[in-house]
Amino acid sequence: MNAFIPDISPITTESPQQRFFELLHSHPRHRVRANGIPHCLRWIEEWQTYQHPGDTSEHEHKPHSESGTLAFFEDIAKRSWLKDWHFHQAIRAVELWTSEVEPGEWAHNFDWDSYCDQVRDLENDHHNLVREIEDSALAEYPPGPDDRRPAADEPEILAKIESDVRRKVRQRKLSINTEKIYVKWSRRFALFCLRRVKKLPLENIELTLPLYLDYLALERQIAESTQRQALNAIIFVGRHIVGIDDLQIEFHKSRIHSKRPPTVLGRSQIDAIVATLSDPWRLIAQVAYGSGIRQMETLQLRIKDLNFSQGTITIYYGKGGKHRIVPLPKILESQLSERIDQLERKHEKDALIGLGHVHIPASLDKKLNGSSGEFRWQYLFPAAKVCAHPRTGKIARHHLHEKSLQRQFKRAVDRAKVRQRATFHTLRHSFATHLLEKGVDIRTVQQLLGHAEVSTTMRYLHVMKRPGAGALSPLDLD
């Protein structure tokens, strides 16, 4: 930092600058060393010439107001190179000036010590900072420049592992999300083995897997849930591809913590978010909140899944491949009926030109003899255009994309000025919490949400306005 050293020789003894210079030498509380005096003078000159954005009056060489001084401090605090002792020096210089040289009434009532304590850098060894952990088996395999260079036969090895994982996952009828996760982690594990450990990924997996888990926990410092996700994926590879049935790996948690409580919005916040959405996104959000169903469960709804006479919605093949029935909100019946009528007219026009088909599993389409062209199988929230199936190439209509829904919902949250970090899944959390607050039995809420264990549903008791399913406080008892 280039220090500005003002020329004080021509200053008369009556000038404020000379008075300030003398105080820096002799003041019992604010006395400054000789090498720090030029810097204090520089801070005063910068403070005097600073123009508060909200103040248009001429105030050069006049005491600043409290708001102008705070604005000056906020402005210099944005300088990335500024250390905490620089900031303390500026605060103490302005304090001395406003209390001794050109006293201001506001300065005497201002708590300078409190404000000064707000400015302190964290030390490198502060307990809240992430520290490197060196005691690890990875010390035998230090990172090097080759970690980012492809290994020999790397593309062929990765392609073979990914293909084997996909085939084994599909043989066991696991979900598409599980397939994506297992393929992703098996690929990352293979890259770690090839580039860092210099070993083939499927050879001696009992050795390489603990090393990879150490790498994730100690170097990448990922969350416990993510580490367990990687462990499950690679154990799947070891058992079903390598053929080690009794593969047992000790799991070291990267950190111990409990699950975060779910974010729950109030009814007024949800109404504000829904109001900023346009159709069909508005109706999607209303159905998801009103029925407590997941994001993909909402997008994958078909016309046949809605039963207006019973007031229910049937969810087929939800999370875990389970089916369940949820309530159809009565307040949405007219909107949904109108939407279905519009979709039917659109489907009839598409059918005339051979575009009335929708994507359904190929085996089901074969079994039901071309049912993909029937209206009952159409999506409730179809995409605006038809597309080709990535495997069969068949041209048909699909549902709206989940990333588009997430983007629309995030914009709506911002426009509604909701301060919590809310995602589309927050609507499901709010559904469960609001039902419990109204006195609905927790077992009923468990069935509506499709939870296998009631303990999963019980976490919503912790975020209710009246925790413990409405239990009274002892102070409210007679």
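## A guided tour, starting at the sheet

Begin by selecting the three strands that form an open sheet in the order β1-β2-β3, with antiparallel pairing. Before you go on, note that this is a predicted model: local features need pLDDT of at least 70, side-chain atom pairs count only at pLDDT 80 or more, and totals for chains, interfaces and linings use all residues. Residues are numbered from 1 along each chain as its sequence is written, and side-chain values use heavy atoms, with hydrogens and water left out.

**Stop 1: the strands**

Helices (H or I, at least four residues) and strands (E, at least two) are DSSP runs, numbered from the N terminus. Strands of a sheet pair through backbone hydrogen bonds, either parallel or antiparallel. Here, two strands pair if DSSP finds at least two bridges between them.

Which strands sit at the edges? Colour β1 (306-307) and β3 (324-327): each of these edge strands pairs on one side only. Show Leu306 and you will find Ile313 of β2 opposite.

Next, click on Thr312, which lies in β2. Thr312 and Val326 are 14 residues apart in sequence, and their C-alpha atoms are 5.7 Å apart in space. Leaving aside neighbours within four places in sequence, Thr312 is in contact (heavy atoms within 4.5 Å) with Asp305, Leu306, Asn307, Ile325, Val326, Pro327 and Leu328.

**Stop 2: α2 and α4**

Select helix α2 (residues 37-49) and helix α4 (residues 84-101). They pack at an angle of about 70°, with their axes 9 Å apart. That makes α2 roughly perpendicular to α4. Axes are lines fitted to C-alpha atoms, for helices over the stretch in contact, and angles run from 0 to 180 degrees between N-to-C directions. Angles under 35 degrees count as roughly parallel, over 145 as roughly antiparallel, 65 to 115 as roughly perpendicular and the rest as oblique.

Ala, Val, Leu, Ile, Met, Phe, Trp, Tyr, Cys and Pro count as nonpolar, Asp, Glu, Lys and Arg as charged, and the others, Gly among them, as polar.

**Stop 3**

Now select helix α11 (residues 267-276) and helix α12 (residues 281-291), whose axes come within 9 Å and cross at roughly 155°. That makes α11 roughly antiparallel to α12. In α11, Arg267, Ile270, Val274 and Ala275 meet Arg282, Ala285, Gln286 and Tyr289 of α12. Five nonpolar, one polar and two charged residues make up this contact.

Zoom in on Pro280, in the loop between α11 and α12. The peptide bond from Asp279 to Pro280 is cis, with omega near 10°. Then jump to Lys173, in the loop between α7 (154-171) and α8. Phi of Lys173 is near 55°, a positive value in a residue other than glycine. For comparison, most residues other than glycine have a negative phi, and most peptide bonds are trans.

**Stop 4: a pocket and two cavities**

On a 1 Å grid over the protein atoms alone, a cavity is a set of points where a 1.4 Å probe fits but cannot get out, and a pocket is an open set with protein on both sides within 12 Å along at least five of seven lines; lining residues have an atom within 4 Å of a point. Grid points are joined across faces, edges and corners, and a volume is the space filled by probe spheres set on the points.

The second largest pocket has a volume of about 760 Å³. Of its 27 lining residues, the closest to its centre are Arg267, Tyr289, Gly290, Phe431 and His434. Helix α17 (426-437) is one of the elements that give two or more residues to this lining, and α17 gives the most, with six.

How many cavities of 30 Å³ or more does the structure hold? There are two. For the largest, of about 80 Å³, select Leu343, Lys346, His347, Asp350, Phe375, Gln378, Tyr379, Pro382 and Arg397. Helix α14 (residues 333-352) gives the most to this lining, with four residues.
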